[in-house]
Amino acid sequence: MPVLRSRARRGRAAAKQQQQPSPNPIEVEEAIATRTRRRRAAAAAANNKNNNKQQLHQRGVDENVVLLETEKKDNLGLEEGGGGAEKEGVGEKQMDDHDSAGRSNDKVHAGEDEESTPPLPEKVQVGGSPLYRIERKLGKGGFGQVYVGRRVSALSKNERTTGPGAVEVALKFEHGSSKGCNYGPPHEWQVYNTLGGSHGVPRVHYKGRQGEYYIMVMDMLGPSLWDVWNNNSHTMSVEMVACIAIEAISILEKMHSRGYVHGDVKPENFLLGPPGTPDEKRLFLVDLGLATRWRDSGTGMHVEYDQRPDVFRGTVRYASVHAHLGRTGSRRDDLESLAYQLVFLLRGRLPWQGYQGENKGFLVCKKKMVTSSETLCCFCPPPFRQFVELVVNLRFDEEPNYAKYISLFDGIICPNLDIRPINTEGAQKLIGHKRARLAMEEEEDDGQPKKKVRLGMPATQWISVYNARRPMKQRYHYNVADTKLSQHIEKGNEDGLFISSVASSQNLWALIMDAGTGFISQVYEISPFFLHKEWIMEQWEKNYYISAIAGAINGNSLVIMSKGTPYIQQSYKVSDSFPCKWINKKWREGFYVTAMGTAGSRWGVVMSRGGAGFSDQVVELDFLYPSEGIHRRWNYGYRITATAATLDQAAFVLSIPRRTPTDEMQETLRTSAFPSSHVKEKWAKNLYVASICYGRTVS
């Protein structure tokens, strides 16, 4: 079934200040090509055509520069479908005298390197605390180290095990050069100032700086849930894990109510109270170094959505899919991580364990996306599967129903609170306060099922994007073989049409040609390389610029280069993974993404400078179809300006145009077959194909 997306609306996003520093030299061992229109650059490139790579590299981006690594062989094992011949299709929208003139506006975080930091002091006294002697090491957090501190100053007759006067405390050390400090007291201090002593969060009694270290003095706690699981032959009873679920949800609810998300929920960060004390069955959540605000402290509003695919925070095994994809952290992420933790403690293993190598995060995220709740929670009682389904389908800013989650597990454990393996008194208070609300919401849930945000069957489909435009002539061709390509392009050129978008499916090409490109001339090449640098450089010297690219799963590529573009400089990169860091680097230099394509599992991204017509640009990258992200970007005034997809991922570049279009309407469509009939329906509404690709979505 095709999926229709609502129109884009002009939002409140402000254009960011353009930064155009002098170009940096292009890095060696990157598959990158760069071209500038300057006459001096073209002349220098022609005169030095036979120079070696090092000489070209030293000239930077003021000349035609290409540096290519020895490329790996393309992955040819990803082809899908049967081998039968496909019927070629063509469609055309002619100018109609009766058409209207237009439409009205209808973790990754690194711990300290112990070898590179100074030795810890033997004794500690900060912020008016007693004097402590450092003893055994307890562990290592995201940015610091934790040791036992024993009080050496005068002891009272009634020695205490907790509180400011305790004999033993936990000392957390963080070096001043740590990323968590950022040239000042650790970020974690600020979080503890807000959360310390609240339900499930240990108190910080003293803090201060001694030498080169920032030090926190905290209550000593007992073993972590990881320790308990590890020391019990890697098993936990259903009742134990259900009690952990109940109390952990209540702790997170309290933390979230204070405006923070933890950001690194895992068994190692949940600790029991000290053994032999009244708190030995209480659960505590520690290591707040990655905690961030989900609610703006000034306005009280939810923080705005964003995605930076090159940024990861958390622990790979338990991180939410949204954390893997670099999306702004919100309450749903803590709960998804908790769901994975519960399944791990109960089953002893998660389906994505065992991946190694540089692309571990990619593989783990992909596996999380394709693992159904039924598969993940097989051999688990039903409440675990229900909890997973509820939390992975939360929207970015949706308020979780903590009381409902707790009630799922409350029914499978002993009703006598005194004999439960974990103290769940805090959770019982939460349920008591919100039981009336829970009953009301359950009645509402019976009326209409909630739309799922993420769960669905992965699919490979055509993704087409449509923009509202003044009536114009547009034509499409699909299932075009290499040998038939030239006749379609020549016929289109004769009719005043130029290629605006290209794509590939089953090693056959799809073309979109229209009269609204503004180009005056076009050349193209089908090449067994992705992308053919020598041919591209030759065309650059003739003032042609890349305007569209596509690749086939056999590694071939189709490159369209045009005259009449507003660009003065252009660069492209070919990469085995989506090149987020390179795109960020080019954004800082004033470039914008103007074309994308894929060949097999490889990505090709083209960025241009000098008239792309955008004031800001973002990327939405997902293993399925990022419906929520696209809709949020639309609300902020962004429009999709480039698309590409592999059999694993789909990427959308969204931009804010410098000039507001007369009609900002934009729609997307996902179809199993080329959307020929749908395109004609869109033409009748003056909606024209702006971009098209074939690859990973969700049905």
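In which strand does Asn479 lie? Asn479 is part of strand β15, which spans residues 474–480; helices (H or I, at least four residues) and strands (E, at least two) are DSSP runs, numbered from the N terminus. The structure is a predicted model, in which local features need pLDDT of at least 70 and side-chain atom pairs count only at pLDDT 80 or more, while totals for chains, interfaces and linings use all residues. Residues are numbered from 1 along each chain as its sequence is written, and side-chain values use heavy atoms, with hydrogens and water left out.

The protein contains 17 helices and 28 strands. Of its 699 residues, 55% count as buried, a term that denotes under 20% relative accessible area, with exposed meaning over 50% and partly exposed the range in between (1.4 Å probe, protein chains only). The protein exposes about 30900 Å², of which carbon and sulfur atoms supply 48%; accessible areas come from the Shrake-Rupley method with a 1.4 Å probe, and for residues only the protein chains shown count as cover.

Three strands form an open sheet in the order β27-β14-β28, with antiparallel pairing; two strands pair if DSSP finds at least two bridges between them. The edge strands, each pairing on one side only, are β27 (666–671) and β28 (687–698). On average, neighbouring strands of this sheet are turned by 20 degrees against each other, direction ignored. Helix α17 (residues 676–683) packs on the sheet and touches β14, β27 and β28, and its direction makes about 145 degrees with that of β28. For such values, axes are lines fitted to C-alpha atoms, for helices over the stretch in contact, and angles run from 0 to 180 degrees between N-to-C directions. Contact means heavy atoms within 4.5 Å.

Within this sheet, strand β14 (residues 458–468) is joined to β27 by six bridges, and the two run antiparallel. Val465 stands opposite Thr668 in β27. Between β14 and β28, which also run antiparallel, there are 11 bridges, and Thr460 stands opposite Arg696 in β28. Because 11 of the 12 residues of β28 are buried, this strand is largely enclosed by the rest of the structure.

Antiparallel pairing also links strands β4, β5 and β6. Two bridges join β4 (residues 123–124) to β5 (residues 132–140), with Val124 opposite Tyr132 in β5. Six bridges connect β5 to β6 (residues 145–151), where Gly149 is the bridge partner of Ile134.

Two helix pairs were examined. The axes of helix α5 (residues 238–257) and helix α7 (residues 331–347) come within 10 Å and cross at roughly 165 degrees. Helix α5 is therefore roughly antiparallel to α7; angles under 35 degrees count as roughly parallel, over 145 as roughly antiparallel, 65 to 115 as roughly perpendicular and the rest as oblique. The crossing of α5 over α7 is right-handed, where a crossing is left-handed if the near helix is turned anticlockwise from the far one by less than a right angle, and right-handed if clockwise. Residues making the contact include Val241, Ile244, Ala248 and Leu252 of α5 and Leu335, Leu338, Gln341 and Leu345 of α7.

Gln341, in helix α7, counts as buried because its relative accessibility is 0%. Leaving aside neighbours within four places in sequence, Gln341 is in contact with Leu225, Ile244, Val265, Lys266, Pro267, Phe270 and Tyr318.

In the second pair, helix α10 (residues 382–392) and helix α11 (residues 402–410) pack at an angle of about 165 degrees, with their axes 9 Å apart. These helices are therefore roughly antiparallel to each other, and α10 passes α11 in a left-handed crossing. Their contact involves Pro383, Phe384, Gln386, Phe387, Leu390 and Val391 of α10 together with Lys404, Tyr405, Leu408 and Phe409 of α11.

Most residues other than glycine have a negative phi, and most peptide bonds are trans. Asn479, which is not a glycine, has a positive phi of about 55 degrees; its relative accessibility is 17%, so Asn479 counts as buried. Asn507, likewise not a glycine, has a positive phi of about 65 degrees and lies in the loop between β16 (498–505) and β17 (508–514). A cis peptide bond, with omega about 0 degrees, joins Phe530 and Leu531. Leu531 is placed in the loop between β18 (521–527) and α14 (533–541).
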